[in-house]
Structures are given as structure tokens and as C-alpha cells.
Protein chains: 2
Amino acid sequence: MIGNGSDELLALATRTFVEPASGKARESRSTIQYFTPSYSLYPVLAAIHGAATRTVRLAKDFALPDLTALRQSSDWDFQAALTFITTPNAPSGRAFSTRQLESLYRQHRGVVVLDEAYVDFAEENALELALNYPHVLVARTFSKAYSLCFQRVGYFVGHPELIAALDKLRDSYNVNGLGQIGALATLDHLPYYRANFRRIKATRARLTERLNAIGFEVLPSQTNFILARPPEFPAKKWIEELRRQKILVRWFSHPEVKDYIRITIGTDTEVDALVQAARSVLEHC
Amino acid sequence: MIGNGSDELLALATRTFVEPASGKARESRSTIQYFTPSYSLYPVLAAIHGAATRTVRLAKDFALPDLTALRQSSDWDFQAALTFITTPNAPSGRAFSTRQLESLYRQHRGVVVLDEAYVDFAEENALELALNYPHVLVARTFSKAYSLCFQRVGYFVGHPELIAALDKLRDSYNVNGLGQIGALATLDHLPYYRANFRRIKATRARLTERLNAIGFEVLPSQTNFILARPPEFPAKKWIEELRRQKILVRWFSHPEVKDYIRITIGTDTEVDALVQAARSVLEHC
């Protein structure tokens, strides 16, 4: 099913459980759950759609908690109507292995959405799970790796019955016409995009190596950005120092990630400029 | 507020009343009401959003029922959360006067949405009502008169508090970037569009006159289409006969409009070809 940008796909998925196809409003709230930190729009969309949320913090280094830990947690609900798992995840950049995802969602009774917005920069994808299990949906978008964020096009892969239910509930004309043409056109240029993915991964390795060399602790990334814990002084101060040198990177205030900065992979020249600026910060502060 | 195509604007408006901003689901269903026949997506969107619907049939020749009749009707609810009035209306092509709309919605306690999708082809618009009354919203779209249906861009005009509530509930990125640029670009070319509106209105008058001359009863239109009751044999047969001559016009099976065909205004050459085909049908059938 073609949808309209990954966040709107999520909204649609949420709606499935909040608003039944019968047209009757539900008496009780549906539960949407996800790990934190993850995509910041999950709680926003859940609130808009009147759903309750449950969250569990990711393990050390933003790994998935193991099953035993999850079973012991009163915060995780294996019966939840809808569970979102972003893989590779944002803002950590970390991917979860298909094997680990499989052992996790096999314990779930509700629908599990594997949000693969960044999957083209990863070593693995979980498409086979969506094709093999009736309660697993893979969500993809043309907004990241295919540079079409201006056009808001995404899609779900999953069991025909689940897709049919979502199709029934989506707004009409939810994907604009130029977006459809643009998305289809990318398929005629896959070699171009694949070369782009390789280039970004190579630049990501280059940036990781150079930042490690000057004391940053860079988390292994499977996305087009990295999350790095900078040395010497707080991440928030790093942001300000880098901005002074006209380098813009991101910082999030949430407790789980406040010690990190997020850097989008640019060109080799751009990431070299960042490393040069970081060296200069270290020398002068 | 900029939204995403008139139908998605309607969805947003519906959601306001179904899903409160608090994130708590409502226990009871909200009521959405509208006159019939009108835009066919109102009932679809109401069902998707879990809202109840109330409808009242338009009066003779698709005029608004008068207030006395509405007050006597047990089907109309002056307390309804949300009332949609399409003006000019589809599929009739008929517009309602601002004066009549004003006397109607002044009786309403809930929000009244004046859906002006076709207003650029009309003699009057009701924008002043949205600007003057806190419970009136005017919905506009770039999909009709501005030829941007491929990009799904529309907007609401209304009281700042109402707009702020809708803004809180809309999906993020609900209007795509190219659509925004396209919509803004139309503002630099208003003389072009206004010439287009004049041309369409002139062609509409030409088509109306020529169809009247061969026995069609054409309803007065304020849109870029006309609704006409054809002579001699049923509307459905007309559709088939015209299709045989490679002329495609629309027919709706709903009881209120099943005796009519809807014809979109094309170029002078196109509408002349239609009239010629209609003459030929009359001669040979």
C-alpha cells in the first residue's frame, strides 16, 4: 500500500485501532507502545489519535532490551494493539538484527510495525518478516534515501488482510500525484541511488574514524547520521561551539541522549570541515 | 491554515470533534451533518473518523431548505458539532447566497464549514462570514480553479482559535513541499487564472444555451460543470449513447440526481462537440 510519508503512515496505523472500520467509536483507548529514545512523532501521533502510550527504555548503547527483561517489565504489553520498532533507530543510528526482531515480535499478539525509514543505509532489512508473519508490517519511505521528503510518499509491506484494512481507513488522495510519479521514477534510477547509499556509508565510516581519533565516542550507525558522545565538555556546549564555526549539528534534551550530538552525513568535504572545526574547538576551549 | 486538499481538510475538521486534543477518546460519537446531494466524501470521511451522520435532502432544484422547514425536520440538528455546506454545491452546480447562508448558520451552535471548493467560478463568496463569525470556517482548495489537484493543497479561513485547534490536530507534514511552492506560485499569476475563470464561465454560458436549445433542462451553474436533465430518454442511456461517440460525461445513481448528467466545462471546441453528439443522439435514437 502506498501511503503519504512515514509519519502519516504511522497515523493511519494508529487510526486502525482507534477507529474501527464499523464507524463506531471505541469506548476504551487503544495502546500504542514503543521503545525510547526513538522517533519523536510516535507520542505526538498517539495523542492526536487519542491512543494511550506505553514505553520502555532501550538497553545500554540503545540496544533492544532482551526478552527476559521485557517480560519482567510491567511497562511492556505483549498484547498491545500496536507496537512500533524503528530499525535502524533514530536518533541512535543503531539497527536491530532481524533475528532479534523475530524473537521479539513472535511474542506479540498485536500488530508490530517495523519502521525502516533508514533501511537503505543499513546492512540488513526485515522485509521477509513482513512477508512471512500476518501481524508484522514494514513501513518504508521515499523521504530519506530517495531524497523525496518534499513529496511525502511512503508505503507499508505486510499481510494482504492488514493492508486491506489500512487501505479502507486512509484518507482519499492521501498521496499526491507528483509524489507518485517521483517515487516511481526512482525505480528507473536505482543504480544512481545505490551509488549514493555506498557513498554515504563510506563517508559515515570516514567521519566515524576521524571523530574517534580525536576522542569522540561514535555509536555504530546504520543510518545517514551518527550519534556521538563528544569529549571534554557537555554536548550542549559542543553544539554552540560548532555553530560559532558555522557547523550545524543536532542536540536533543531528552535524558537518554543529552550527552550526545547527532551529525548528518554530508559530503566528504563537509564532514572533514566538521572534524576540522571539532579539532579547533578542542584546541581553543 | 494551509491543509492538504479539501477532503483532507474535512477529515481534519471531523477529527477535531471526534478526538479531543487532550488525547482522551470520547465516549460518544460526534455528529456530522450535511445536505444531500452534496460532496460524496462527507459520509465516507465521517465513517472513517467514527462520527455519526445526519442528512437532510435539499429542496426543489437543489436549493437550501428554508429555515422553517429545517426547524420542523427531526433530521436536522442545530446543535450538531459540525455542519458541512458546499457552496457552490456538487453535483448540482448551484450556489447558495451569502445572505441565506448567514440566516442559516446563525441558528447553529456547532461549527459550520462552508466548503467553497468551486467558488472561483461563482458570482459570490462567503469569506466575510468566516472572518466575522467565530463558528464559521471557509474551506478552499487549489485543486479546482488553480489546477493543482495533483498536489493536494487547500486551506481554511476562520477564527484564530478554531484555526489553532485544527493546527494542533493536523498530521505533521500534511502538505507536501512542492504543493506549497505551487500554491504560492499561483499568487504570482492571478491574471492568468482570472482569465481562465472568465473563459470557463463564458463556455459554461455557451454550453447551457446550446443544450437548452435542444431540450436539455440545465440547472443554473456557479461551478466548472453543469447538471442537466436530458430529454427523450433516461440519463443513464444518454451516458451510454454519448460514450459511443467518445464523449465522457458523468452520471450518478443516487435517486436525487439519477435523472441528470453532469458535464465538466471544457474548451469551446469540446463543448460544441458534445452538443453535436447530443444532436446526433436525438436524431438517431
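Student: Does F225(A), by its relative accessibility, count as buried or exposed?

Tutor: F225(A) counts as buried, because its relative accessibility is 2% (buried means under 20% relative accessible area, exposed over 50% and partly exposed in between, with a 1.4 Å probe and protein chains only). The model is predicted, so local features need pLDDT of at least 70 and side-chain atom pairs pLDDT 80 or more, while totals for chains, interfaces and linings use all residues. Residues are numbered from 1 along each chain as its sequence is written, chains are lettered from A and ligands numbered from 1 in the order written, and side-chain values use heavy atoms, without hydrogens and water.

Now for the partner of F225(A). Over all chains there are 30 aromatic pairs (rings of Phe, Tyr and Trp, the last by its six-membered ring, with centres within 6.5 Å; planes under 30 degrees apart are stacked, over 60 edge-to-face, the rest tilted). One of them joins F225(A) to Y118(A): the ring centres are 5.1 Å apart and the planes stand at 85°, so the pair is edge-to-face. Y118(A) sits in the loop between β5 (111-115) and α5 (127-132) of chain A, and F225(A) in strand β9 (residues 225-229), so the pair ties together parts that are 107 residues apart in sequence (helices are DSSP runs of H or I with at least four residues, strands runs of E with at least two, numbered from the N terminus). Y118(A) is buried as well, with a relative accessible area of 9%.

Y192(B) counts as exposed at 52% relative accessibility, whereas Y193(B) counts as buried at 12%. In chain A, Y192(A) and Y193(A) belong to one aromatic cluster, which also holds F121(A), F142(A), Y146(A), Y155(A) and F197(A).

Next, the helices of chain B. The axes of α9(B) (residues 235-244) and α10(B) (residues 268-284) come within 10 Å and cross at roughly 110°. That angle makes α9(B) roughly perpendicular to α10(B) (65 to 115 degrees; under 35 is roughly parallel, over 145 roughly antiparallel, the rest oblique). W238(B), E241(B) and L242(B) of α9(B) make the contact with L274(B), A277(B), A278(B), V281(B) and L282(B) of α10(B) (contact means heavy atoms within 4.5 Å). W238(B), E241(B) and L242(B) are among the buried residues of α9(B), together with A235(B) and I239(B). The buried residues of α9(B) pack against β10 (261-264) as well as α10 of chain B. Just after α9(B), K246(B) has a positive phi of about 65°.

Back in chain A, E241(A) lies in helix α9 (residues 235-244). E241(A) counts as buried at 11% relative accessibility. Leaving out residues up to four places away in sequence, E241(A) touches V281(A) and C285(A).

Conventions. Axes fitted to C-alpha atoms, helices over the stretch in contact; angles between N-to-C directions.
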